[in-house]
Amino acid sequence: MVTIKDIAQQAGVAKSTVSRYLNGGSVSKKTKAKLDQIVNETGYTPNTFAQSLKAKKTNMIGTIIPRLDSFATNAILASIDEELRKKQYQLIITNTNQNIEREVENIYTLAKQKVDGIILLATVVTDAHRAAIAAVGIPVLLLGQSAEGLHTIGHQEYEAGFKMGSHAIDLGHKKFLFFTVPEEDKAVGQLRSKGVLDALRKYPDTFIEIIETNFSFSKAYEKAMDVLPATSATYVLCATDNIALAVMKAAHTLGLSIPNDFSLSGFGGYTVASIVTPSITTVKYPYKKLGALSVANIIELVEGKEIISNLELPNELIKRESTVYLKSSK
């Protein structure tokens with residue numbers, strides 16, 4: 001393998017001259033012509049990784065994700081990767097498996113790897129997160145959660161919840177079962193859930209049973225198997241499409257029919273929610289747009305430009321087969 005030292009010896013110049021030439025620096029026309037010829041003849045290709053370790057700017061962006069088995073995460077990552085490639089950046093991915101301590105550790109780890117910036121698909125934002133972001137001294141952009149004083153891009157979560165709750169009410173239902181997630185998750189456990197409950201509670205004669213689970217399909221399935229046999233709810237709302245799919249599986253196991261025994265809805269707009277039968281009513285989130293915006297914004301931050309600190313993207317209610325008017329299902 002040809003090295004900078006080999007090229008320098010052939011050209012009769014110092015290694016620093018070759019390095020300056022390869023990095024677009026100033027060299028004489030005569031030296032440049034000689035080096036052009038040697039590089040062409042030898043087929044020399046610069047070691048971009050080694051160069052990045054010495055350079056201030058590496059053109060690498062680190063991304064921290066909470067889990068690998070998530071439709072939303074994968075859709076966002078695909079968009080991030082596509083946009084970074086267009087802009088000649090490389091993507092480094094670290095997974096935390098929904099472990100908050102690992103999330104914080106990975107901020108420090110990616111900074112040590114000399115990334116130019118970090119995109120964090122945050123589950124929560126703790127004091128430890130804030131301390132890490134302040135300590136690493138490189139731009140960090142949070143996706144999916146809002147946090148005062150930090151750069152974030154999220155969704156209009158309260159509005160999404162209110163849309164779905166209003167849809168359930170409009171269909172004439174009065175008894176509801178709501179599978180939500182812990183309040184530590186501000187976006188889903190607080191804002192989205194509050195939107196749902198505010199819409200349902202506009203009417204005094206509604207009954208709402210709230211069940212806390214998490215984002216895991218298996219955990220949600222176990223909860224649903226426990227709760228569904230005893231519920232009198234005619235509408236089951238789920239904080240994510242993944243939870244809705246788990247409830248659908250439990251209903252099938254228990255011999256219950258959707259939407260004949262109860263209507264069902266989720267959030268996310270996952271592709272699989274449109275494929276299953278019955279197809280699941282959901283709120284669709286613009287994951288591809290979120291990924292593209294995150295790349296545009298992190299590069300702006302890397303280049304020292306000002307951006308809007310907190311963005312929230314709109315979403316769309318998608319009505320499908322799993323929800324029906326109460327009079328049609330009972």
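Analyst: Buried means under 20% relative accessible area, exposed means over 50%, and partly exposed lies in between (1.4 Å probe, protein chains only). The model is predicted, so local features need pLDDT of at least 70 and side-chain atom pairs count only at pLDDT 80 or more, while totals for chains, interfaces and linings use all residues. Residues are numbered from 1 along each chain as its sequence is written, and side-chain values use heavy atoms, with hydrogens and water left out.

User: Which residue of S2 is the bridge partner of Thr-63?

Analyst: Two strands pair if DSSP finds at least two bridges between them. S1 and S2 pair in the parallel sense over six bridges. In S2, Ile-61 has Leu-91 as its bridge partner, and Thr-63 has Ile-93.

User: Which strands stand at the edges of the six-stranded sheet?

Analyst: This open sheet has the order S2-S1-S3-S4-S5-S11, with parallel pairing. Two of its strands each have a single partner, so one side of each is left without a neighbour in the sheet; these are strand S2 (90-95) and strand S11 (310-313).

User: By what angle are neighbouring strands of this sheet turned against each other on average, and what angle does the direction of H13 make with that of S5?

Analyst: Axes are lines fitted to C-alpha atoms, for helices over the stretch in contact, and angles run from 0 to 180 degrees between N-to-C directions. With direction ignored, neighbouring strands are turned by 20° on average. Helix H13 (residues 287-302) packs on the sheet and touches S1, S3, S4, S5 and S11 (contact means heavy atoms within 4.5 Å), and the angle to S5 is about 170°.

User: How many Å separate the C-alpha atoms of Ile-308 and Ile-153?

Analyst: Ile-308 is in the loop between H13 and S11. Its relative accessible area is 58%, which means that Ile-308 is exposed. In sequence, Ile-308 and Ile-153 are 155 residues apart; in space, C-alpha to C-alpha, the separation is 9.4 Å.

User: Which residue in S8 stands opposite Phe-176?

Analyst: S6 and S8 run parallel and are joined by four bridges. Opposite Phe-176 stands Tyr-235.

User: How far apart are the end C-alpha atoms of helix H9?

Analyst: The expected span of a helix is 1.5 Å times one less than its number of residues. H9 has 15 residues (186-200), so it should span 21 Å. The end-to-end value agrees with this: 20 Å.

User: At which residue does H9 bend?

Analyst: The bend at a residue is the angle between axes fitted to the seven residues ending there and the seven starting there. The bend of H9 is about 30°, at Ser-193.

User: Which side chain does that of Ser-193 join in a polar contact of 2.6 Å?

Analyst: Ser-193 counts as buried because its relative accessibility is 5%. Not counting residues up to four places away in sequence, Ser-193 touches Phe-178, Thr-180 and Val-188. A polar contact is a pair of N or O atoms within 3.5 Å; within protein, one must be able to donate a hydrogen and the other to accept it, and residues adjacent in sequence count only if both atoms are side-chain atoms. The partner of Ser-193 is Thr-180.

User: Which residue's backbone oxygen lies 3.0 Å from a side-chain polar atom of Thr-206?

Analyst: Thr-206 is in the loop between H9 and S7 and is buried, because its relative accessible area is 15%. Its contacts beyond four places in sequence include Ile-169, Phe-176 and Leu-200. The backbone oxygen belongs to Tyr-203.
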